[in-house]
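Open the model in your viewer and keep the sequence panel beside it. The stops below say what to select and what is there.

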Amino acid sequence: MSRFVQGDDAPLSYVWRADQAAMEMLGMQPGRTAADRAVRASVIAAAMVEHDGQGRRISYSRNRNFYAEARYEGSPMSYARLVPFVDALDVAGHIHHFKAEQGAHLAPDERDRLQSTFWATEQMAETLRGIKLAHVGPTSPIILNDLDDRPMALPRTDRVLRLRRGVDEVNAGLTGIRLTVDPAADPANWRRSDYHLRARKVRADGSETWACTLPTPTPFVVRIFSRGTFDLHGRYYGYWQQLPKARRSEMLINKELIVEPDFHWLHPTLLYAMCGHALAHDPYTTGYWPRPAGKLAFNTYVNAPTTASAIGGLMKKAKEKDDNGEPVWRYGYRQTARILDAIKEANPRVAHLFGSDAGVRLMAIDSNMAGAVMKACRRAFVPCLPVHDSFMVPASKGGFVEGVMASVLDETLAAVKSTSSGTSIRTVLQSAPSLAGVPAEEPVEAFEAEPVGSSLPVGRDASLGSLGASPAEPVVVPLPATWGASLGPVGTFSLEPAACLSPEVMGVFPEPLGAFLAEPVVGFLPELREPSLETSSSSLAAPVVSPSPEVRRPSSGTAGAPLVETLGSFRPIVPLLPARGPSGPLSPHPGRRPPFPAFLAALRSVPSAAYRPSGLASLARSLPPADVGP
């Protein structure tokens, strides 16, 4: 440790305590009071734990105000008890000691922000090797970090008390769980030291890494919040989460094999719900770039505050190796930018949330979900250990837990949608809704996604479901070439994807209309977007096709005449779906229906020269209100 780097240290905690015999073995004074002895025992324990583990330095503060701010509330830790004892260990040669300059932790450059640190010498480690450590637990089950991920003093509020009680209840439910390694597991994958458990992860190229964790006598979790607010992050953390998933599957809960069900596409699903939509496709697939790249790009982009920071974050992963021994990210800057664009194009409904720093808000939601799952398991006496969006449970209870997770997900999506429907996306991002659905703070206009042409079904048997099941988006496309002679100058039509007409329905239409409607599209209408075409949601019932008595075959004549006669011989093909104006869908008017009969009747009486979009729009506007009908 010749070079000090901000972030490679472990903050001094009050979780472990060394046996009092350690003080005698080191030749140190045990302390005059019980509080003195407890603090000194925790300092020695912290030094031994880190020496046995990852060899990190232990950071602490030499500022009296740090302890006055209740950073160690609930413990006897204080400046007077801690700092003189650390100095005494340094004088006795038991520790290496680095004293930071006053205010160094506030340096402008983040890399220069350091605190005073100490770590055990080899002589101290040899002297105390095998000394017993007692687990006394954290001073608080919740941690609030500042913008630099440093613990902050907890405010004395009712909310903090409720959060503490919630985590205490979770830990009370974990006391009956005994987590062990399966005796049948390959011993080459596991190593044990005096205090730590190490698990091996082997990549496809034969290289390996070792995860290191510090088991506790019984499992317990702490809940960590970020950026100085209890509305961000809030996930539960336990020592088992540091183990590779393959090694976690080799463990036993109360001597029973483990399964680990998880929430599928959880954060993308929550993002879509925040915008009032359901996720019905793989959000990581772009159609060109590999799916693993799309997945990493999606999650990185959502968590990043800007596009530039997302690109930078992905480029940093070029130095990391995946399970196959390949670089986690193998693309250059330009390719990375294109992948991010492709992810946005593949997810237009949530495209505005990329680069929004939504990750910590999504974690706030999934942490509430994890708490709800653990609460349900606790009531059913089912052992359950959280791993963020998955849960380690006995194999015999896997089905039950999956059912609980499905129920919690449904409740969460309903709460998120109801919370988001009347709020701006800014409000949703600034205050992540809880499972109960926090009331909205400010109303704004609803989000509207760009229409995607590729979302239309392909093939006659591909249906988009009922008209009321999913929102329809108009896609303006030219009519088939076979209609060119009949169209004349009419031009493009607006196709409304909603449901496919059955072959039986197709039989009542004359050619070429029946052939055209055989495609998976429910109808057509000249490209008119006028207020007179507004409809109510009640008009989105099943299509009703009713040929009028004056059915006539197309006759010869002007280029537009066959089209007019064909159109004029039918009642409305399907109820018109909601029209869209420049700023979004037009407001529905209950009890109104499309003006097809009057419009088509008037259309038959005009010359073919009027068959232009502007002429048709003028015709529609000229219809009296009575023709629209109630």
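Over residues 608-617, where pLDDT stays under 50, how many contacts beyond four places in sequence does the model have? The model has 20 such contacts there, a contact being heavy atoms within 4.5 Å, and pLDDT being the predictor's confidence in each residue, from 0 to 100. Select residues 625-630 as well: pLDDT is again under 50, with 10 contacts beyond four places in sequence.

This is a predicted model, in which local features need pLDDT of at least 70 and side-chain atom pairs count only at pLDDT 80 or more, while totals for chains, interfaces and linings use all residues. Residues are numbered from 1 along each chain as its sequence is written, and side-chain values use heavy atoms, with hydrogens and water left out.

**The whole chain**

Colour the protein chain by pLDDT: the mean is 73, and 63% of the residues reach 70 or more. The chain has 20 helices and 21 strands; these are DSSP runs numbered from the N terminus, with helices (H or I) of at least four residues and strands (E) of at least two. Of the 630 residues, 47% are buried, where buried means under 20% relative accessible area, exposed over 50% and partly exposed in between (1.4 Å probe, protein chains only). Among contacts with a separation of 6 or more, 68% join residues 24 or more positions apart.

Select residues 34-52, which form helix H2. Its 19 residues should span 27 Å at 1.5 Å a residue, and the end C-alpha atoms are 27 Å apart, so the two values agree. The expected span is 1.5 Å times one less than the number of residues. In H2, 16 of the 19 residues are buried.

Next, select residues 79-91, helix H4. The 13 residues should span 18 Å, and the end C-alpha atoms are 18 Å apart, in agreement. Show the side chains of Tyr-79, Leu-82, Val-83, Phe-85, Val-86 and Leu-89, which are buried. An α-helix has 3.6 residues a turn, so residues three or four places apart point the same way. The buried residues of H4 pack against several elements, including helix H1 (21-26), H2 and strand E5 (116-120). Just after H4, Gly-93 has a positive phi of about 80°.

Most residues other than glycine have a negative phi. Select Asp-357, whose phi is positive, near 60°. Asp-357 is in the loop between helix H11 (333-346) and H12. Is Asp-357 buried or exposed? Its relative accessibility is 12%, so Asp-357 counts as buried. Leaving out residues up to four places away in sequence, Asp-357 touches Arg-227, Val-302, Asn-303, Ala-304 and Pro-305.

Move on to His-388, which has a positive phi of about 65°. His-388 is in the loop between strand E16 (385-387) and strand E17 (390-394). With a relative accessible area of 21%, His-388 is partly exposed.

**The second largest pocket**

Centre the view on Lys-201, Lys-245, Lys-295, Asn-299 and Asp-389, the closest to the centre of the second largest pocket among its 41 lining residues. About 1,600 Å³ of space lies in this pocket. On a 1 Å grid over the protein atoms alone, a pocket is an open set of points where a 1.4 Å probe fits, with protein on both sides within 12 Å along at least five of seven lines; lining residues have an atom within 4 Å of a point. The volume is the space filled by probe spheres set on the points.

Which helix gives the largest share of the lining of the second largest pocket? That helix is H9, with 8 residues. Strand E10 (197-202), helix H7 (245-248), helix H8 (266-274), helix H9 (291-303) and helix H12 (359-379) each supply at least two lining residues. By class, the lining has 16 nonpolar, 9 polar and 16 charged residues. Ala, Val, Leu, Ile, Met, Phe, Trp, Tyr, Cys and Pro count as nonpolar, Asp, Glu, Lys and Arg as charged, and the others, Gly among them, as polar.
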